Amino acid sequence: SHAFGFGTDPTVPPSKDSLRRLQSEWRDIWVLVIDEVSTWSCNWLYETDKRAKLIKGNEIFMGGLSLILSGDFHQCFPVQATPLFRLPKAKASQEVRLGRALWVEYITETAFLTEVMRQRDEKEWAELLCRLRNNSCTAQDVLFLENLAKRSRVNLNDPNWSSATCLSYENKVCHALSERCANRDAALAGTPLIIWNATYQQNGSPVASTDKLRRAASRNGGPHAFHYAHNMPVMLLNNKLCGAESVQMGLANGVQGRAIGLVFDPREPPQPQDAQQITLHYLPLGMFVYVPTATVNPLPSLVPEVLAAANNDPSKIIFVEPTACTLLKVSAQRIQFPVSPAYALTIHKSQGINISNLIADPITRMPPKEHHNLAYVMLSRVRTSAGLAFLGPLPLGWLTHEPDPDLVVEEKRLMT
């Protein structure tokens, strides 16, 4: 979507300058690949088709681009939108209906991949997950997972699981788990835990934070109160941290790294040298983030501590500044770093990620209609069953809830 210049509202057309830039970028490109198709909605397909026609200057489907979609409908659905496999409701918008019509008319060739790569080192685990996906778990599968949940139940202070990633359904639970992990890591390292709050604006003027603003902000990404521990894992939430070339540098939304330094506001009062916790009065001016998969233009100057924390490789360090995020439902903006602590991730954010050690949160209630998909995504992120632990007992509904009926019908249609 970012490659097509979509902003917060995909229905807003690009400016003349943006359109000229997009037409130049796409002039010699004739193949469009869309991954994680389960998260795509009917209205997104419609808007993407409309934008492709505008960029390519014709009325052919996708402007003449060859479209390749990949993914698994048994994974996460789009949030508060109609999945591509679902028949639109009677009151659905025209965009949803047209998007569904495009899907049925133009997506005509299907290839089903059968080789599992993520769990290739444990065949039995891969086969169990396949049965979970297809709602065909055996009594032995259920017993295995229930026993695994009992014997592998951990708390977040267990040193054997300190590097594990937690997965939960809700953002607020992930923020709470990340706060606990940041507190733990700061204490273990003997470094201060640093806390600061996001700031808010309405009509360009600062406003005090309220529960309503904080709830709206929580649904839009990172936490209101950022709990920072040196060298903590973070996830990037912006595709343009280093300008238009960010994606080419390996800095796309969802990429993970480690926070290795802060630049404080000069107005910040001095803090005691031996402080275990520091609450800042002002947002830091910047955060240094080490991204091992990135290749960026080295920053002109780095303090020795930051360079040492990145193993002396300046081409993998980016400088992140606070940015404004629009909160549409409350007509306000939140100013906070476009990164989120990555100790804990939502199930939706984890889709597509390989995790060696995973702590699953089976306690938080999930939508009944998505039990099947969300449970499958959560458990299938981990490579081996030995790398899986739980924060509580495993709900039987995770293993017995049937897939969405529309999904089953659409899968059969695609297979014929």
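Reader: In which helix is Val-104 found?

Author: Val-104 is found in helix H3, residues 94-106; a helix here is a DSSP run of H or I with at least four residues, a strand a run of E with at least two, and both are numbered from the N terminus. The model is predicted, so local features need pLDDT of at least 70 and side-chain atom pairs count only at pLDDT 80 or more, while totals for chains, interfaces and linings use all residues. Residues are numbered from 1 along each chain as its sequence is written, and side-chain values use heavy atoms, with hydrogens and water left out.

Reader: Why is Val-104 called partly exposed?

Author: Its relative accessible area is 36%. Buried means under 20%, exposed over 50%, and partly exposed in between, with a 1.4 Å probe and protein chains only. Val-104 is therefore partly exposed.

Reader: What makes Arg-133 a buried residue?

Author: Arg-133, in helix H4 (residues 123-133), has a relative accessibility of 17% and therefore counts as buried.

Reader: Which residues does Arg-133 touch?

Author: Leaving aside residues up to four places away in sequence, Arg-133 touches Asp-72, His-74, His-372, Tyr-376, Pro-403 and Glu-411; contact means heavy atoms within 4.5 Å.

Reader: How do you know that the protein chain is as compact as a globular protein of its length?

Author: The secondary structure of the chain comes to 12 helices and 18 strands. Its radius of gyration is 23 Å, close to the 22 Å that the globule rule gives for 416 residues, so the chain is as compact as a globular protein of that length. The radius is taken over C-alpha atoms, and the rule is 2.2 Å times the number of residues to the power 0.38.

Reader: What makes a set of residues a nonpolar core, and which residues have the most contacts inside the largest one?

Author: Such a core is a set of buried Ala, Val, Leu, Ile, Met, Phe, Trp, Tyr and Cys residues joined through side-chain atoms within 4.5 Å. The largest has 45 residues, and Trp-196, Tyr-228, Met-287 and Ile-318 have the most contacts inside it. Elements giving two or more residues to this core include helix H6 (171-189) and strand E4 (193-197); H6 gives the most, with 6 residues. Another core, of 31 residues, lies apart from it, with Trp-125 and Leu-148 among its members.
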